[in-house]
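Subject: Structure handover

Hi,

Here is the structure I promised you. My notes on what turned up follow below it.

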Amino acid sequence: MERPDESGSEDAHVLPILPLRNSVLFPSSVVPVNVGRPRSVRLIEQACGGAGQPEIGVVAQRDADIEDPTFTDLHEVGTVARVLKVIRLGSGGYSVVLQGVCRMRITGPLGRQPALRAQVERYREPATSDEELDALGAHLRRLAGQLAAVLPDLPREAVRTLGSVRQPAALADVVASNLPVTNEVKQRMLETLDARTRIRAVIDLVRRQQEVHRVKQEISSMVQGEMSRSEREHMLRQQLRQIRRELGEQDEDEDDLEALRERVMLAELPEEVERAARRQLGRMRSMNPAGAEYQVTRTYVEWLADLPWSKTTPDRLDVAQARRVLDEDHYGLDKPKRRIVEHVAVRRLAPHNRAPILCFIGPPGVGKTSLAKSIARAAGRKLVRVSLGGVADEAEIRGHRRTYVGALPGRLITGLKKAGSRNPVIVLDEIDKLGADERGDPASALLEALDPEQNHAFVDHYIDLPFDLSQAMFIATGNRTDTIPPALLDRMEVIEVPGYTAHEKRSIARSFLAPRQLSEHGLTVDRLDLPDEAIALIIDEYTHEPGVRRLDQQLAALCRAVAVRLAKGEDVQVHADERFIAEVLGAPERSRPRRERIGRPGVAMGVAWTPAGGELFFVEATRMRGSGKIHLTGNVGDIMQESAAAAFTYTRAHASRFGLPDDFLEKLDVHLHLPRGSVPKDGPAAGITLYSALVSMLTRRRVRTDVATSGEMTLRGHVLRVEGIKEKCLGALQAGVRTVVLPARNAPDLDEVPEAVRAQLTIRLVSHVDEVLPLVFEPDPVRAEQPAV
């Protein structure tokens, strides 16, 4: 606060102090104030106890939220006010009319009981005038009058006061007190004691308010210009409908058309879409409502009105919350979870970043689809599931053109309509099982939807207008990548979702599956106790899968058995042991190959990748009198046949190394067989397994029973990299194998194998087939001749 001139100051006085929360009182202003706080109520009652119009000090609070302020919570400068009128309110407070008299400054607090009291120094405006001051006052009066003419919220009393106030300094106070500015700005004006400085500051505030009002008017005019046409049409049509209703000329079809028009108007459609909808509505006016074309057009307009062209759901961008939701729903799966958390973090930093297009690849039952559902829950988005298994018609993706009878949009647009949002999580389930026929290729139709450079203007054949898919998060799921077209696969970020180890399955069953099944069947742990031993037994003997779907089914079977007994009125308390499990589930399943005792030369064990996870397979080799022919059976494909030919050629080329004569095949035929002939087999990874069985048969050396192999071999004997290392290691361990021979070029892939699996397996890496035989053969050769087959 500027120090007052000697001519403007007066002797010090003691006044009660009334704090104001959300306003600033200026001299020459008359304002009503509601008083309700206990200390302020006591001040009014004490000050107004006598006759006349008492004076009090009025000071604004620095923080309006403080209920019982002290002097440190008040500004130093305030206003001496005269109490003109006091009205008692029903709530125990008062409504007080105050008139500002002059500025004041608190010089010394004197106490807070029963109300705030302080020594104050008054400052009265000097009654001086000159040409500059008069000119500034006239300019302020003119600007304030112009602003008052355009600001509807300005009090009418303040407008009338502008003409009656003669002193320029008092005029500045009146204008400042009524401007729509913050209390901080008003307090600054109150603390400015120099009249010229204050008037110039108020003139600047008035000009700023005029500029704000001008910008608001321009924006309002622009918006009004865009809306006036549709609003005017809407109002006129409403009036027309009312007139027809009054005249008794109401038409149900016309009513229906007007309702549809209103839906279009309220749908907030993009300009291009709204034009198309209005064009179709105009055509419907000239159509027969009973005609087929009318109904087709009506359905099309309804689709346009119902699609979420501009509706979105707010993203939940809390990284910790997203991780917590994912962990609640799924055990393990760290790589997919980490990728989703990364996406949430990126969206938090760059909200307009495009959503990723992910593809979860893994065996059945590992939780790919349910993981996508958890992602939608973690991100706070709606979920749209599009099942693509067996889809062979392009129109299922892009929709049918409206010229066809019964035409409808494709599955993507249909899902968006159901979701009611244009940024859902769209799950493309079983994308690896898409078909193709004479009706088109649905995989090619997906190229546009899954291309970030194009999907902002995806055109469905039925809608025939661009729809923005760039805000949607696409998550595809499948079991294998080799059946997905390369162009489609290239547009997606592939994330492997591997099978579970036995330890992971036990944890999932204990924490997720068993509690859910007990709840769904109305049981408690008192009725059916599933100890860890029982769960381990079911996993080892009754399920042979990389996922947990079959495990979930077997646990459900146990729960049903207990539920049946309870429904019969028995008092059941079952502790699931081996006898109870066998009684309910029957004999243990042996549907997949397991480690066997190999008692003769010519039999080798390999491990293969399948859509259901890693699985053991056996190669049997035998010889017979003949003319050097090779027979390969077991429902094998072309690639495996070539692998067998390469293994045989390498063996013949290095016959002397195995103690065989160069012409050992002239009087022999060799037969290689892969059991389980009903199961198709193909791929190059069986090369070193075929080679091991062939050499074992020719040299009469047995192969170890605890070793499984996988690797492609060349004619030079090199062992090449193969796929599915993690699944093969899991499958070998679950089948009882303890040593796995793999290509050395697959060493980086071992990082994907869980630590618990690596700790239980001995993994041997080889780069040449000469390194394989010492690892797979038993140390002592077989002396007896191989028995005839």
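Helices here are DSSP runs of H or I, at least four residues long, numbered from the N terminus. Keep in mind that this is a predicted model.

Start with Ser692. It sits in helix α22, residues 687-699. Ser692 is buried, at 2% relative accessible area. Its side chain reaches back to the backbone oxygen of Ile688, at 2.7 Å. Leaving out residues up to four places away in sequence, Ser692 touches Ala604, Val703, Val772, Leu773, Val776 and Phe777.

Next, the aromatics. The whole structure holds four aromatic pairs. One of them is Trp303 with Tyr462, edge-to-face, 6.5 Å centre to centre, with 70 degrees between the planes. Trp303 is in helix α9 and Tyr462 is in the loop between β10 and β11, so the pair ties together parts 159 residues apart in sequence. Trp303 is buried at 9% relative accessible area, and Tyr462 is buried at 2%. Tyr650 and Tyr691 also pair edge-to-face, at 5.7 Å and 75 degrees. That pair links helix α21 to helix α22, 41 residues apart. Both tyrosines, Tyr650 and Tyr691, are buried.

Ring pairs also join Tyr300, Trp303 and Tyr462 into a cluster.

Last, Leu74. It is in the loop between β3 and β4. Leu74 is buried, at 2% relative accessibility. Val59 is 15 residues away in sequence, and its C-alpha is 6.5 Å from that of Leu74.

Best wishes

Note on methods: Residues are numbered from 1 along each chain as its sequence is written. This is a predicted model: local features need pLDDT of at least 70, side-chain atom pairs count only at pLDDT 80 or more; totals for chains, interfaces and linings use all residues. Side-chain values use heavy atoms; hydrogens and water are left out. Helices (H or I, at least four residues) and strands (E, at least two) are DSSP runs, numbered from the N terminus. Buried means under 20% relative accessible area, exposed over 50%, partly exposed in between (1.4 Å probe, protein chains only). A polar contact is a pair of N or O atoms within 3.5 Å; within protein, one must be able to donate a hydrogen and the other to accept it, and residues adjacent in sequence count only if both atoms are side-chain atoms. Contact means heavy atoms within 4.5 Å. Rings of Phe, Tyr and Trp (its six-membered ring) pair if their centres lie within 6.5 Å; planes under 30 degrees apart count as stacked, over 60 as edge-to-face and the rest as tilted.
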